[in-house]
Amino acid sequence: MEIILFVAKIKKFVYISKKYDVLEVLSMSMAVKVKMLLAAREMTQRDLAEKLGKAPQNLGRKLKADNLTERDLTAIAEACGATFEGGFILNDTGKEIR
């Protein structure tokens, strides 16, 4: 069973596939994805900031501005017990650019 929801709080469409227990977010900023990761881990931004050794205000500003580098996202994933996969795969050759 597949469901498409409109999540009013984040004003984005979310695709959920119950069969594979997959959540795919369409047209969503990385900051919103980080907030969803925090919710999944039942963590606050303050909890994450502490794990990263950063001031909560600085993390909050980065999230508000959606100004997250790949290094930030990798550190956030590690702090949350997740994996960040950022990069490209060339369709014709299969070469990965990370």
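Helices (H or I, at least four residues) and strands (E, at least two) are DSSP runs, numbered from the N terminus. By that rule, the protein has four helices and five strands. From the N terminus on, the order is β-β-β-α-α-α-α-β-β.

This is a predicted model, in which local features need pLDDT of at least 70, side-chain atom pairs count only at pLDDT 80 or more, and totals for chains, interfaces and linings use all residues. Residues are numbered from 1 along each chain as its sequence is written, and side-chain values use heavy atoms, with hydrogens and water left out.

**Burial and contacts overall**

- The protein has 98 residues, and 21% of them count as buried. Buried means under 20% relative accessible area, exposed means over 50%, and partly exposed lies in between (1.4 Å probe, protein chains only).
- Contact means heavy atoms within 4.5 Å. Among contacts with a separation of 6 or more, 26% join residues 24 or more positions apart.

**The nonpolar core**

- A nonpolar core is a set of buried Ala, Val, Leu, Ile, Met, Phe, Trp, Tyr and Cys residues joined through side-chain atoms within 4.5 Å.
- The largest such core has 13 residues. Val 34, Leu 38, Leu 48, Leu 63, Leu 68, Ile 76 and Cys 80 have the most contacts inside it.
- Helices H1, H2, H3 and H4 each supply at least two residues of this core.
- Which residues does Val 34 contact, leaving aside its neighbours within four places in sequence? They are Leu 48, Leu 63, Leu 68, Leu 73 and Ile 76.

**Packing of H2 on H3**

- H2 and H3 pack at an angle of about 110°, and their axes are 9 Å apart. Axes are lines fitted to C-alpha atoms, for helices over the stretch in contact, and angles run from 0 to 180 degrees between N-to-C directions.
- The two helices, H2 and H3, are therefore roughly perpendicular to each other. Angles under 35 degrees count as roughly parallel, over 145 as roughly antiparallel, 65 to 115 as roughly perpendicular and the rest as oblique.
- From H2, Gln 45, Arg 46, Leu 48 and Ala 49 meet Pro 56, Leu 59, Gly 60 and Leu 63 of H3.
- By class, the contact of H2 with H3 has five nonpolar, two polar and one charged residues. Ala, Val, Leu, Ile, Met, Phe, Trp, Tyr, Cys and Pro count as nonpolar, Asp, Glu, Lys and Arg as charged, and the others, Gly among them, as polar.

**Packing of H2 on H4**

- H2 also packs with H4, at an angle of about 105° and with the axes 10 Å apart. That makes H2 roughly perpendicular to H4.
- Leu 48, Lys 51 and Leu 52 of H2 make the contact with Ala 75, Ile 76 and Ala 79 of H4.
- The residues of the contact of H2 with H4 divide into five nonpolar, no polar and one charged.

- Met 30 is found in helix H1. Met 30 counts as partly exposed, at 28% relative accessibility.
- Beyond its neighbours within four places in sequence, Met 30 is in contact with Asp 66, Leu 68, Leu 73 and Phe 84.
- Met 30 and Leu 63 are 33 residues apart along the chain, and their C-alpha atoms are separated by 8.4 Å.
- Leu 37 also has its place in helix H1. Leu 37 is partly exposed, with a relative accessible area of 22%.
- Once neighbours within four places in sequence are left aside, Leu 37 is in contact with Ile 76, Cys 80 and Ala 82.

**The end of H3**

- Ala 65 has its place in helix H3 (56-65). Ala 65 counts as exposed, at 55% relative accessibility.
- The C-alpha atoms of Ala 65 and Ala 31 are separated by 8.2 Å, and the two residues are 34 residues apart along the chain.

**Positive phi in loops**

- Glu 42 is found in the loop between helix H1 (30-40) and helix H2 (45-52). Glu 42 is not a glycine, yet its phi is positive, near 55°.
- Is Glu 42 buried or exposed? Glu 42 is exposed, with a relative accessible area of 74%.
- Asp 66 is found in the loop between helix H3 (56-65) and helix H4 (70-79). Asp 66 has a positive phi of about 50° although it is not a glycine.
- Asp 66 is partly exposed, with a relative accessible area of 36%.
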